Every structure is written in C-alpha cells, then in structure tokens.
Number of protein chains: 2
Amino acid sequence: MRERDEAGGGLGRGLLPRLLGYHLRRAQVAVFKHFAASVGAEENITPGLFGMLVMIAENPGLSQSRLAEAMEVDRSTIVTAIDQLEARDLAVRGRSPTDRRSYCLALTDNGRRALRRMREAVLRHEEEFAAHLSPSEREELIRLVVKLYAGRDRP
Amino acid sequence: MRERDEAGGGLGRGLLPRLLGYHLRRAQVAVFKHFAASVGAEENITPGLFGMLVMIAENPGLSQSRLAEAMEVDRSTIVTAIDQLEARDLAVRGRSPTDRRSYCLALTDNGRRALRRMREAVLRHEEEFAAHLSPSEREELIRLVVKLYAGRDRP
DNA sequence: TATTGTTATACTCTATAACTATA
DNA sequence: TATAGTTATAGAGTATAACAATA
C-alpha cells in the first residue's frame with residue numbers, strides 16, 4: 001500500500017469510487033494476495049482449499065455435492081479440488097455406508113494437524129490484513145458486507 | 001437470496017464467518033453476478049471492461065500502460081481488452097503526437113453514447129444490489145472497505 | 001426418473017517471458 | 001538502457017454436457 005489509493009495513480013476514476021462492486025473487487029484481490037503471501041507461502045494452501053478443509057472438518061461425512069453447494073460451485077469443480085487434498089494426504093474419500101453413490105469426506109490425521117497450523121496462520125494473516133481497522137470497525141464491516149449479500153442483519 | 005446465509009446451507013462453517021476475506025469473496029461474487037444479470041444482459045459489458053471505459057473517458061489520452069497500472073493488471077492483459085473495445089467501436093487507439101511507442105486511448109462517439117447508457121444501467125444495478133443498505137450504511141461500508149485495503153480513512 | 005461422482009472440454013482472466021520499435 | 005505495446009504460452013478457476021453407477 002502506497003498512497004491514499006494506489007490504483008488511482010492520480011487518474012480520474014469517475015463514478016467508480018461510488019460503486020460497491022469496485023471496492024469489493026479491489027479489497028478481495030488485496031486480501032487474496034495477502035493470503036497467498038502469508039498463509040499460502042507458509043502452508044502452501046489457497047483460500048478455496050482452506051475453506052474446503054474447514055467445511056470438511058466441521059461437517060463430518062460431508063458429500064462432494066453438499067460441499068459444492070456450500071462453496072457455491074459446480075459439483076464437477078469439487079472433483080479436482082478433492083483430488084488435490086487426497087494427493088496431499090489432507091483429506092480422504094470415505095465410502096458412505098448408506099449410499100454407494102456418494103462419498104463421506106473426512107480429514108486425515110495429517111489433515112487435522114495441517115488444518116490446526118493453517119488456522120493459526122490464517123488468524124495471523126487476518127490480524128495483519130485488518131490491522132488498520134479497530135475491532136468494532138471489523139465487526140461493523142462484516143455486518144454490513146453480510147447484510148449486503150445476504151440481505152439480512154447478521155451472519 | 002434465500003436464508004440468513006444460503007452458502008451455509010445449515011452446515012457448520014467454523015472460523016470462516018470471522019474472516020473478512022471469506023465475506024469479501026462472497027460479496028464480490030454476488031455483486032458480479034448481479035452486474036452480469038442486469039448491466040451485462042442489457043449492455044453486453046463486464047465490470048472490467050466497464051471500468052476501462054470509465055477510465056478512458058475520465059483520462060483523455062491515457063496510454064495502455066497507465067491504464068494497466070490503474071486497473072492493477074499486467075500490460076499484456078490490457079491488449080486483448082482494448083482489442084475488444086476497438087472491435088466493438090467503443091474505443092480507439094490513437095497515436096501519441098509525442099511518443100510513437102504509445103497509444104492515446106479515447107472513446108469513439110459510439111463509445112461515449114454507450115457509456116452514458118451503461119452508467120445509468122450501472123447505477124440502477126447499484127441501487128438494486130445495495131437496496132438492503134441505507135445510504136449511510138452504504139457510505140460506511142465503502143469507508144471501511146477502503147480503509148481496509150488502502151490503509152487510510154477516505155476514498 | 002433423479003442423484004452422485006466423473007470426464008472431456010472450453011472459456012475467462014491473468015501472468016511471465018521474449019520480442020519489436022521506439023525513446 | 002529503458003519503456004510501450006505485442007505475442008505466445010501457460011496456469012488457475014470455473015462452467016456445461018454427457019456418462020456410469022446407484023437410488
């Protein structure tokens with residue numbers, strides 16, 4: 001971060017600064033870059049894969065289709081993601097006892113240990129990235145963003 | 001929008017809801033989808049190309065390299081974008097009188113007319129998408145997002 | 001009939017590196 | 001030497017459509 005607004009570069013931006021999408025996009029790019037440089041560099045993980053690990057850890061026996069819904073992506077997109085997590089011994093496709101079409105996703109022991117480390121790295125990243133905001137500003141920002149995209153008051 | 005949080009789907013999300021990046025990502029995806037369904041459907045334009053049109057309109061004689069810096073992308077990424085705008089008769093690569101290496105980007109007459117229409121569509125899209133937020137909440141949200149990614153107080 | 005996971009495929013966005021023509 | 005624009009290429013990330021196995 002350089003100036004008041006490094007992407008402005010002294011140039012006029014017209015109505016762009018009045019658009020939520022413009023700022024949300026820039027903030028999202030910035031936070032993903034920070035994630036890549038901190039968490040990603042330490043633990044070799046992306047925000048998307050980290051999110052999947054958390055969802056699997058929090059929802060034992062989750063199927064790929066349910067995970068796809070939760071991540072708001074197509075089922076086919078999940079396949080290669082789980083392939084990667086399995087190849088790295090972070091998660092496994094367990095067979096469902098009741099439905100032979102679907103898998104019960106689970107973390108491996110190694111995956112659980114890795115996730116514990118990742119969580120700490122992610123929280124450090126969050127502290128660093130949000131350092132300019134007070135705790136109440138952070139809360140308020142999350143409240144407003146959630147209200148914006150979910151159309152409701154609270155996460 | 002369905003529930004308090006449609007991507008939750010009743011599933012546990014662990015620490016994800018405490019992460020700014022998680023919400024910024026979801027909000028950004030949602031606003032781009034809304035843009036595509038409203039402005040994109042009406043005017044056949046993406047947020048990125050719209051942003052470029054605005055920057056060219058606001059900064060007459062802008063070069064591709066300066067535009068790339070403003071958009072925070074590589075110079076090579078700009079090439080095909082300008083190709084598209086030229087192919088659609090929205091912008092032109094004018095020759096610089098002082099530097100024969102660089103172009104002076106400008107809107108065509110058609111581009112200016114199109115941009116006027118697009119601006120209105122974008123503002124309608126903004127009103128719809130941010131309908132759940134009061135004017136002061138919108139202002140506060142922008143203030144906080146900018147403070148987050150620019151590390152300062154004001155856009 | 002509908003669902004789960006999979007494959008093949010394609011499209012978009014983006015970056016890197018090497019090139020040319022200028023400066 | 002350095003910069004502006006270009007090209008070729010590659011890598012994410014994503015979606016669609018069709019398929020086999022199963023419900």
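Student: How many helices and strands does chain A have?
Tutor: Chain A has six helices and two strands. Helices (H or I, at least four residues) and strands (E, at least two) are DSSP runs, numbered from the N terminus. From that end, the elements of chain A follow the order α-α-α-α-β-β-α-α. Before we go on: this is a predicted model, where local features need pLDDT of at least 70, side-chain atom pairs count only at pLDDT 80 or more, and totals for chains, interfaces and linings use all residues. Residues are numbered from 1 along each chain as its sequence is written, chains are lettered from A and ligands numbered from 1 in the order in which they are written, and side-chain values use heavy atoms, with hydrogens and water left out.

Student: Why is A:Q64 called buried?
Tutor: Buried means under 20% relative accessible area, exposed over 50%, partly exposed in between (1.4 Å probe, protein chains only). A:Q64 has 15% relative accessibility, so A:Q64 counts as buried.

Student: Where does A:Q64 lie, and which residues is A:Q64 in contact with?
Tutor: A:Q64 belongs to helix α3 of chain A. Contact means heavy atoms within 4.5 Å. Leaving aside neighbours within four places in sequence, A:Q64 is in contact with A:I78, A:V79, A:I82, A:R93, A:Y103 and A:L105.

Student: What makes the pair A:Q64 and A:R93 a polar contact?
Tutor: A polar contact is a pair of N or O atoms within 3.5 Å; within protein, one must be able to donate a hydrogen and the other to accept it, and residues adjacent in sequence count only if both atoms are side-chain atoms. The side chains of A:Q64 and A:R93 make such a contact at 2.8 Å.

Student: Which residues come nearest to DNA strand D?
Tutor: A residue is near a strand if one of its heavy atoms lies within 4 Å of it. Around DNA strand D there are 19 residues, and A:R100, B:Q64, B:S65, B:R66 and B:R101 come nearest.

Student: What is the make-up of the surface near DNA strand D, by class?
Tutor: That surface has three nonpolar, seven polar and nine charged residues. Ala, Val, Leu, Ile, Met, Phe, Trp, Tyr, Cys and Pro count as nonpolar, Asp, Glu, Lys and Arg as charged, and the others, Gly among them, as polar.

Student: Which residues are closest to DNA strand C?
Tutor: They are A:R25, A:S65, A:R66, A:R101 and B:D74, out of 19 residues that surround DNA strand C. Of the atoms of DNA strand C within 4 Å of the protein, sugar and phosphate account for 65%. A base oxygen of DNA strand C lies 2.8 Å from a polar side-chain atom of B:S76.

Student: How do you know that chains A and B have the relation of a two-fold axis?
Tutor: A rotation of 180° with 0.0 Å of shift along its axis superposes chain A on chain B, with RMSD 0.0 Å. That is the relation of a two-fold axis. Copies are superposed by least squares on the C-alpha atoms of residues with pLDDT of at least 70 in both. The same surface serves both copies, as 100% of the contact residues of chain A recur in chain B.
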